[in-house]
Amino acid sequence: IEPDADWRDEVLRLARERDAVILAHNYQLPEIQDIAHHTGDSLALSRIAAASDASTIVFCGVHFMAETAKILAPHKTVLIPDERAGCSLADSITGDELRAWKAEHPGAVVVSYVNTTAEVKAETDICCTSSNAVDVVASIPADREVLFLPDQFLGAHVKRETGRENLHIWAGECHVHAGINGPELARRAADNPDADLFIHPECGCATSALYLAGEGTVPAEKVKILSTGDMITAARATSATSVLVATEIGMLHQLRRAAPEIDFRAVNDRASCRYMKMITPTALLRGLREGKDEVHVDPGTAERARGAVQRMIEIGQ
Ligand code: 13P
Ligand code: SF4
């Protein structure tokens, strides 16, 4: 299917017919981002899903995001255009593994990144996203041990920012962000000495970016560790004329829309998430026509996960 004017009209007509709101993550294909009613990062989309009065949510993103919407809005119909859109980071810890880890640290507060399955969220005290992870951990009394999972790079970022020693970090990673590495970033920064660096905290190169700033290779104020939503805010605020972006390449579309005068370049232009890209124009149209794929979360699991997800959307408002 070509994402042309007929496709657009039909998608929007079907959405109206189903009383559906279409949400798209910043890593979606440009044509999906452009047709969505709302585009944003995982925290913003969760908040919109919780607040929306549409009876159906069509989530153009990956499965854990659609599951999170269902946990927050159990009475709504939640559709994902292709349920095979998984996440390598969410797959890096299971409910059993988390239960065993908790048993080793009785009394610890469990903070899970939103990139987890509903079963893992059900074992969690507070969820977070990359835009409020530091605030979430800072809200926990300093004398309580914290188990932070599953992303080791985001965990390292939170540990640096909070200075917290009693934070234990699970060794998971996202294959897309882990692949954006330090030597690559150093090379690109040396070739573009005037560029700002926008780095997602899931990246393998986040520590290297701070190292480059520490040794003076890049001025410290040019290095920004940001969630995808915060990158858009930073793009509107910066005086730089070029920006190197370390995250999934779908992000470039919203950045270029937000600040067309800035030259945005990917640190690694092969950093594409194949799961995010499963949501094609064809899949979205089919999903709206057929009411597929419907996302179900076991009601008991959803009930146990809801408090942790609700705390997530409340912190850092
Ligand atoms: P944010 O939308 O929170 O920046 O997360 C990025 C991500 O990897 C989601 O899959
Ligand atoms: Fe998961 Fe990484 Fe893809 Fe985000 S980019 S959905 S963390 S695999």
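This is a predicted model: local features need pLDDT of at least 70, side-chain atom pairs count only at pLDDT 80 or more; totals for chains, interfaces and linings use all residues.
How close do the axes of helix 3 and helix 4 come, and at roughly what angle do they cross? Hi everyone, let's work that out together.

Residues are numbered from 1 along each chain as its sequence is written, and chains are lettered from A and ligands numbered from 1 in the order in which they are written.

Now, the helices. Helices (H or I, at least four residues) and strands (E, at least two) are DSSP runs, numbered from the N terminus. The axes of helix 3 and helix 4 come within 9 Å and cross at roughly 35°. (Axes are lines fitted to C-alpha atoms, for helices over the stretch in contact, and angles run from 0 to 180 degrees between N-to-C directions.) On one side of this pair are S42, L45, S46, A49 and A50 of helix 3, meeting M65, T68, A69 and L72 of helix 4; contact means C-beta atoms, placed from the backbone, within 7 Å. Sorted by class, those residues are 6 nonpolar, 3 polar and no charged. Here Ala, Val, Leu, Ile, Met, Phe, Trp, Tyr, Cys and Pro count as nonpolar, Asp, Glu, Lys and Arg as charged, and the others, Gly among them, as polar.

Let's step back to the domains. There are three: domain 1 (5-86 + 276-296), domain 2 (90-174) and domain 3 (180-266), with bounds from an automatic or database domain assignment. Between domain 1 and domain 2, the C-alpha centres lie 27 Å apart. Their contact takes 8 residues from domain 1 and 11 residues from domain 2. Our two helices come back here: helix 3 (42-51) and helix 4 (63-72) are the elements giving two or more residues to the side of domain 1 that touches domain 2. Helix 4 gives the most to that side, with 4 residues.

An open sheet has 4 strands in the order 10-9-11-12, with parallel pairing; strands pair if DSSP finds at least two bridges between them. Strand 10 (223-225) and strand 12 (263-266) stand at the edges with a single partner strand each, so one side of each has no neighbour in the sheet. From one strand to the next, the twist averages 20°. Strand 9 (residues 196-199) pairs with strand 10 over 3 bridges, and F198 stands opposite K224 in strand 10.

Key
Two residues are in contact if their C-beta atoms, placed from the backbone, lie within 7 Å.
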